[in-house]
Structure formats: structure tokens, C-alpha cells
Amino acid sequence: MITREDVAKRAGVSVSAVSRAMNHRGYVAKDKKEAIYKAVEELGYRPNPLSHSLKNRQTYQLCFFGADIYNSFYMELFNYMSDYAAERGYTMFLFSEFNEERVKTMLMDGMIVENDTVAEKVQTLLGEQFFMPIVTASYGSPIVSLKRIPYVDVDTHDAVEIGLAYLKKMGHKKTAFATPYDFFGDSRVNPRHVAFGNQMRPVYGKRLKDYVIDNTGKARLPFARENFFEEGMNCADQFLARNCDATAVICFNDEFALGMIRRFEQMGIRIPDALSILGIDGIENRKYVTPFLSSVSLNIKEQAECCVSTLLDMIEGRRVTFFNSLKPYLVEGNSVRDLSMKTIKR
């Protein structure tokens with residue numbers, strides 16, 4: 001195996017000069033540096049990355065912990081994180097099965113977690129005595145117990161309000177909300193549920209429950225893997241069984257919306273001719289189905305880059321902003337019918 005001593009001997013320099021040149025730290029005269037690089041190329045020397053990381057206490061590796069690996073939103077978030085991390089000289093890997101003992105021994109400089117519920121659980125499992133730079137993505141949930149963990153938030157409460165305003169503009173007077181969780185049991189903490197309740201309770205009054213399609217008794221759990229597509233299909237069956245008179249449905253997320261569309265289409269209900277569907281997320285996959293799903297984007301690329309940038313500020317000793325907020329925005333497709341057009345009398 002070729003060593004730094006071999007490189008130093010071939011280049012006619014000291015081993016310390018080879019180390020400084022390879023690590024880009026400290027002064028090495030131009031002619032000596034050129035001789036070192038030439039010797040490295042001739043000998044085919046490759047430094048041991050493990051040894052290098054232990055000596056420099058930096059691995060240039062980042063981890064994204066995402067248990068919900070079947071969720072297209074998180075996979076898209078991870079891909080954007082990986083691209084941006086590479087631009088900054090880091091490699092990002094995905095870790096989907098959380099084990100605190102493994103995490104404590106893994107070679108990485110820091111971790112990004114998928115949401116604030118997971119971040120709180122991770123913080124508890126790792127304990128107060130173990131420090132690792134951690135950043136969490138967040139979606140409007142109230143964070144009261146996180147310490148030392150900055151978060152990058154896109155408020156899904158705002159996303160629901162944007163979606164409802166859009167559907168109203170498109171002439172929809174009766175809009176339902178579909179969620180894989182218990183709406184009324186979770187309505188105080190889930191920002192999507194809170195927003196729909198606050199906006200539509202004055203409209204529907206005691207009939208609000210008639211326009212909520214949910215999964216009674218189910219709560220959002222840390223480290224859970226969800227099949228939102230299948231749950232969307234199930235909620236479509238509920239919508240039909242209830243004979244709901246809503247002309248539009250705003251869905252918990254895009255995969256859930258795509259599941260509803262699939263089931264409605266199977267039952268011969270054309271979207272958006274018979275019913276309009278609006279998602280929340282803005283994932284790329286929504287473009288590859290018919291109809292092209294309209295959605296409220298959660299700014300996936302910007303959130304990914306902000307998470308990585310914040311984590312690197314922690315790792316590299318810069319000033320850290322502990323709360324970053326990004327705005328959701330509407331991305332139109334073909335799944336919402338415009339009912340606002342008035343018939344022109346002749």
C-alpha cells in the first residue's frame with residue numbers, strides 16, 4: 001500500500017509537507033507542491049478517508065434521517081439536500097431506521113431530520129449529554145421542547161388557507177377536507193386541521209363534520225411509515241359512502257390526493273369534471289399523472305437548501321439562525337374545475 005512516506009520520498013520533501021499539501025493547510029512552496037502532486041499521480045496514492053476524518057475531526061458527511069422513505073415528498077427533499085450538500089463539498093446519506101447507539105458511533109458531521117415530531121423524539125433518545133449538530137424541517141407545528149435544534153419551517157396552516165382561498169376564487173362554495181388522521185382528535189396540534197377548522201367552522205357550523213373525511217382514532221407518530229396513496233383511496237370510498245355534496249376536496253398532502261384521484265377514476269368519477277381535488281406539497285410526481293394535480297407547494301427545494309445551509313453554519317462555526325420561515329405558494333394543474341364562470345345570456 002502506498003503511504004505518505006512513499007510520496008515524500010518520491011517528491012524529495014518531508015512527510016509533513018505532504019500532509020500540508022494534501023490537507024490544503026499550511027504553507028508549501030509552489031515547486032514542492034507541484035512535486036508532491038506529481039508523485040501522488042505517479043504512485044497512485046489515495047489517502048485513507050477514515051484516517052483523514054479522525055485526524056481532522058470532520059468527515060464531510062451529512063445524514064438525513066427520514067423514516068418515511070415511501071413518501072415522495074421526503075425523497076424529493078433528500079435529493080435536493082444531496083445536490084446542495086455536494087455543491088458545498090459534503091456528501092449526504094439517508095438513514096431510515098433510527099437507533100441511538102448507531103447514531104452515536106456513525107461517522108458524520110451532522111444530521112437533518114424529517115420533521116419536528118421526529119426531532120423531539122431524536123433529542124430525547126440521544127440525551128442531553130450527547131451533542132451533535134442537528135437541524136429539523138418543520139411544517140407549522142408548535143415547537144416548545146426542542147433545545148439546540150434549529151428548524152426550517154414551511155407553515156402548512158398557511159398552505160391550507162391558500163388552498164381554500166384558491167378554491168373559493170374558482171367558485172367552489174362547499175369544500176371538504178380529507179386527512180389520514182383523526183381530524184377532531186388532533187385539531188389542536190395539526191396545523192392543517194387547525195386551519196381548515198378555523199376557516200370553515202363559521203361557514204358550516206355544526207355541519208363541519210360532514211365535510212371532514214378522516215381516520216378516526218389515528219394520530220401522527222414519530223418514525224412512522226405511511227402509505228398515503230392507499231389511505232387516499234380509502235378516504236375516497238368514505239367520501240362516496242357519505243354522499244358528500246362538496247364540489248372540491250383539499251387533501252392532507254399530494255400522495256393522499258393522488259390516491260383519492262385514482263379511486264374516483266376507478267369508480268367512474270371524472271376529475272375535475274365531477275369533483276375538484278387540491279393537494280398540499282407540490283411534489284414533482286404530481287406532473288406524471290392525469291389529471292395534473294393542482295397543489296400548494298411547500299417550497300421543497302428552498303427548504304432543503306436552507307436546512308443544509310443552517311446545518312453547515314453549525315458545523316463550521318458560523319452564526320446560526322434558529323428559526324427560518326419559508327412561504328408556501330399555489331402551483332396550478334388540471335385537477336380543479338373553474339366554477340366561477342357565469343353563463344352569458346344571449
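## Helices α10 and α11

Helix α10 passes helix α11 in a right-handed crossing. The contact draws on Phe228, Phe229, Glu231, Gly232, Met233, Cys235, Ala236, Asp237, Phe239 and Leu240 of α10. From α11 come Glu255, Phe256, Leu258, Gly259, Met260, Arg262, Arg263, Phe264 and Gln266. Contact means heavy atoms within 4.5 Å. By class, the residues of this contact are 11 nonpolar, three polar and five charged. Ala, Val, Leu, Ile, Met, Phe, Trp, Tyr, Cys and Pro count as nonpolar, Asp, Glu, Lys and Arg as charged, and the others, Gly among them, as polar.

Two packed helices are described by the angle between their axes and the distance between the axes. Helix α10 covers residues 228-242 and α11 covers residues 254-266; their axes come within 6 Å and cross at roughly 50 degrees. The pair is therefore oblique. Angles under 35 degrees count as roughly parallel, over 145 as roughly antiparallel, 65 to 115 as roughly perpendicular, and the rest as oblique. Axes are lines fitted to C-alpha atoms, for helices over the stretch in contact, and angles run from 0 to 180 degrees between N-to-C directions.

## Basis of the model

This is a predicted model: local features need pLDDT of at least 70, side-chain atom pairs count only at pLDDT 80 or more, and totals for chains, interfaces and linings use all residues. Residues are numbered from 1 along each chain as its sequence is written, and side-chain values use heavy atoms, with hydrogens and water left out.

## The chain as a whole

The chain has 12 helices and 12 strands. Its radius of gyration is 26 Å, well over the 20 Å that the globule rule gives for 346 residues, so the chain is more spread out than a compact globule. The radius is taken over C-alpha atoms, and the rule is 2.2 Å times the number of residues to the power 0.38. Helices (H or I, at least four residues) and strands (E, at least two) are DSSP runs, numbered from the N terminus.

Along its principal axes, the C-alpha trace spans about 95 × 50 × 35 Å. Buried residues make up 48% of the 346. Buried means under 20% relative accessible area, exposed over 50%, and partly exposed in between (1.4 Å probe, protein chains only). Among contacts between residues at least 6 apart in sequence, 72% join residues at least 24 apart.

## Helices α1 and α3

Helix α1 (residues 4-11) packs on helix α3 (residues 30-43) at an angle of about 120 degrees, with the axes 9 Å apart. That makes α1 oblique to α3. The crossing is right-handed.

Asp6, Val7, Arg10 and Ala11 of α1 meet Ala35, Ile36, Ala39, Val40, Glu42 and Leu43 of α3. This contact has seven nonpolar, no polar and three charged residues.

## A buried threonine

Thr156 lies in helix α8 (residues 156-169). Thr156 counts as buried, at 0% relative accessibility. Leaving aside neighbours within four places in sequence, Thr156 contacts Tyr139, Gly140, Pro191, Arg192 and Leu298.

## Backbone points to check

A cis peptide bond joins Ile271 and Pro272, with omega about 10 degrees. Pro272 sits in the loop between α11 and β9. The bond from Thr290 to Pro291 is cis, with omega near 0 degrees. Pro291 is in the loop between β9 and β10.

Asp281 is not a glycine, but has a positive phi of about 155 degrees. Asp281 is in strand β9 and is buried at 4% relative accessibility. Asn299, not a glycine, has a positive phi of about 60 degrees. Asn299 is in the loop between β10 and α12 and is buried, with a relative accessible area of 9%.

Note on methods: Left-handed = near helix turned anticlockwise from the far one by under 90°.
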